[in-house]
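This explanation leads the reader through the structure shown below. Please keep the sequence and the model in view while reading.

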Amino acid sequence: MTVESTAARKPRRSAGAKSTAGKRTTAKNAPNAEPELVQLLTPEGERVKSTEYDKYVVGVTPEDLRGLYRDMVLTRRFDAEATALQRQGELGLWASLLGQEAAQIGSGRALRDDDYVFPTYREHGVAWCRGVDPTNLLGMFRGVNNGGWDPNGNNFHLYTIVIGSQTLHATGYAMGITKDGADSAVIAYFGDGASSQGDVAESFTFSAVYNAPVVFFCQNNQWAISEPTEKQTRVPLYQRAQGFGFPGVRVDGNDVLACLAVTRWALERARSGEGPTLVEAYTYRMGAHTTSDDPTKYRADEEREAWEAKDPILRLRRYLEVSNHADEGFFAELETESEALGKRVREAVRAMPDPDHFAIFENVYADGHALVDEERAQFAAYQASFADAEGGK
Amino acid sequence: MAAEKMALAKAINESLRRALETDPKVLIMGEDVGKLGGVFRVTDGLQKDFGESRVIDTPLAESGIVGTAIGLALRGYRPVVEIQFDGFVFPAYDQIVTQLAKMHARSLGKVKMPVVVRIPYGGGIGAVEHHSESPESLFAHVSGLKVVSPSNASDAYWMMQQAIQSDDPVIFFEPKRRYWDKGEVNAEAIPGPLHKARVVRTGTDLTLAAYGPMVKLCQEVADAAAEEGKSLEILDLRSISPLDFDAIQASVERTRRLVVVHEAPVFFGSGAEIAARITERCFYHLEAPVLRVGGYHAPYPPARLEDEYLPGLDRVLDAVDRALAY
């Protein structure tokens with residue numbers, strides 16, 4: 001059974017419609033203008049028809065929809081647990097994805113195993129989709145490592161903290177795919193703040209010039225720490241692509257189905273040799289930038305409340321309920337699974353050992369380095385001097 | 001190609017050619033490296049023979065060059081990227097320092113970064129601003145990077161082979177004023193280790209330690225000093241990170257005096273690190289403090305002043321005299 005449009009009436013204006021780039025007025029070109037975006041599910045949970053994008057979700061079954069819902073719920077639960085663990089002193093920092101679940105799960109579930117992902121440091125939902133164990137994401141936030149998974153294990157690169165750097169790595173990787181004659185694709189995640197970085201502009205240039213199979217997935221969550229998107233751009237971000245010579249589209253980032261459809265479209269373009277695409281997922285960072293941040297200093301509660309009405313999980317639940325694609329048993333079972341995940345993550349973090357002191361000197365070089373060897377030996381002798389002193393007592 | 005006399009630039013060209021021939025994963029990337037063969041013609045003819053897919057003319061964006069090279073390395077390639085001139089590396093400095101240098105460590109050894117960054121460096125060619133600098137210390141200070149600089153054609157050939165084979169990122173500083181100096185290259189030789197210094201000339205009174213473009217100058221200094229009856233030993237350090245302190249120590253234990261020569265500014269230059277460590281290692285052998293000759297703490301000057309700024313024969317001889325006077 002496939003998912004049919006159940007919207008009997010026209011979507012309300014605020015619910016938006018499909019992208020109609022090129023027909024905009026100047027006022028609508030403001031970065032914070034009420035966006036016209038690709039939307040398949042309204043905040044009320046109504047399915048909206050899209051002549052352009054319905055075909056990319058035509059095979060999505062109710063089971064798939066329940067899967068997307070489960071992904072979002074578990075990701076949110078994991079995220080909440082990580083925030084709590086930071087408050088309890090178990091993590092040094094946490095960058096919450098609260099509010100961005102649909103953008104991440106929708107795009108993440110559009111990928112094939114042989115595609116490659118270049119995340120920022122907030123793509124916990126995408127990591128989930130790639131099969132990276134959530135507890136492995138927490139090592140760097142606990143301070144036991146700077147990246148606790150094998151990037152090639154799940155084709156999910158390490159988190160990148162320097163803003164925008166990974167978009168160039170993604171482009172280079174995609175250039176390599178072309179050289180190899182493969183038909184896989186790369187997706188590069190970044191945010192509205194990163195869109196100002198030179199590396200992002202250079203990655204647009206390189207990917208366009210070499211027609212690299214890369215999808216630039218920008219989660220515009222409206223805030224780069226304290227700076228609103230107007231401090232980064234005068235035009236809607238997806239329009240940036242036009243100047244580089246490839247298409248850009250704005251999608252409702254809180255609509256998991258639309259994010260799935262649009263990302264599939266962009267990946268298909270990449271695979272078929274049509275080059276890069278920019279997807280701007282219009283969403284909202286419902287929480288703080290990180291646990292060190294205080295959003296009350298720079299934004300009003302009303303703004304968050306308005307976005308809560310567009311919550312990505314809530315709207316899919318409404319749709320699942322209205323269309324009888326999920327029953328109470330499903331939601332109850334998911335609740336149990338969710339709590340179990342929280343418990344597992346909590347226990348794993350608390351049991352996470354501190355690294356061995358000598359880890360400082362490990363993997364600095366692949367082929368070794370005389371100075372590192374010398375300093376490791378000095379460190380060992382220094383450490384041993386305490387043991388000697390204690391032994392001598 | 002058996003033993004053959006060739007210019008240093010040609011030696012690098014031949015080395016790149018050999019790498020392209022022997023390893024299909026090797027790529028050449030940079031501005032103007034294709035049809036033009038690079039502004040110094042180091043990559044001359046390579047695109048013609050290996051195609052645009054392997055010898056890649058890139059957009060004019062240094063961060064993009066290094067950043068995409070990192071991505072290509074993640075995909076299994078071994079990119080050799082050219083930064084056109086020393087002073088233009090800084091847009092790529094972020095990618096080199098925060099990404100390239102740290103990727104192996106932060107992946108807990110899962111990811112290797114076999115990327116060579118070629119940088120023609122140094123002065124003495126009468127160039128305009130930003131074309132004559134020696135920023136090697138800025139890279140040697142960064143763990144995760146290896147930094148080397150050949151002084152002659154044979155080393156240029158072999159050190160490039162070894163840099164490309166290295167699974168670590170290597171910053172390869174090419175002494176641009178020596179590009180046209182000819183030397184014997186034996187492509188069938190068995191090269192020594194990449195990061196070992198070489199005694200260019202033995203002596204008994206004082207050691208001159210240098211690398212890249214300053215090795216030739218030190219040979220001229222040693223010739224001039226010999227006329228005055230002074231016997232100078234010359235060490236070609238070849239590698240700046242790691243530095244072969246064992247070789248410097250062994251030499252200084254014989255000569256008891258050390259002068260380090262580089263074009264880079266003396267302040268926080270590689271000579272400072274050498275002086276500190278050799279003082280630690282050879283405190284009771286030294287008859288004089290370790291002296292340094294190099295650039296001043298001033299912007300690289302306009303070309304008509306560069307002879308005053310760069311270490312020259314007389315300035316190095318002056319330092320030699322001062323060291324011998326202790």
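How far apart do the end C-alpha atoms of residues 70–351 of chain A lie? They lie 27 Å apart, and the span is 48% helix and 11% strand. Helices (H or I, at least four residues) and strands (E, at least two) are DSSP runs, numbered from the N terminus. The UniProt annotation of an unreviewed entry places "domain: Dehydrogenase E1 component" on residues 70–351 of chain A; such annotations may be inferred rather than shown by experiment, and their positions follow the numbering used here, with feature names shortened.

This is a predicted model, in which local features need pLDDT of at least 70 and side-chain atom pairs count only at pLDDT 80 or more, whereas totals for chains, interfaces and linings use all residues. Residues are numbered from 1 along each chain as its sequence is written, while chains are lettered from A and ligands numbered from 1 in the order in which they are written.

Attention now turns to the two chains together. Their contact takes 34 residues from chain A and 35 residues from chain B, two residues being in contact if their C-beta atoms, placed from the backbone, lie within 7 Å. On the side of chain A that touches chain B, α6 (151–154), α7 (165–180), α8 and α14 (370–392) each supply at least two residues. The most comes from α7(A), with 11 residues.

Within the model, helix α8 (residues 198–209) of chain A meets helix α3 (residues 62–74) of chain B: their axes come within 9 Å and cross at roughly 75°. Axes are lines fitted to C-alpha atoms, for helices over the stretch in contact, and angles run from 0 to 180 degrees between N-to-C directions.
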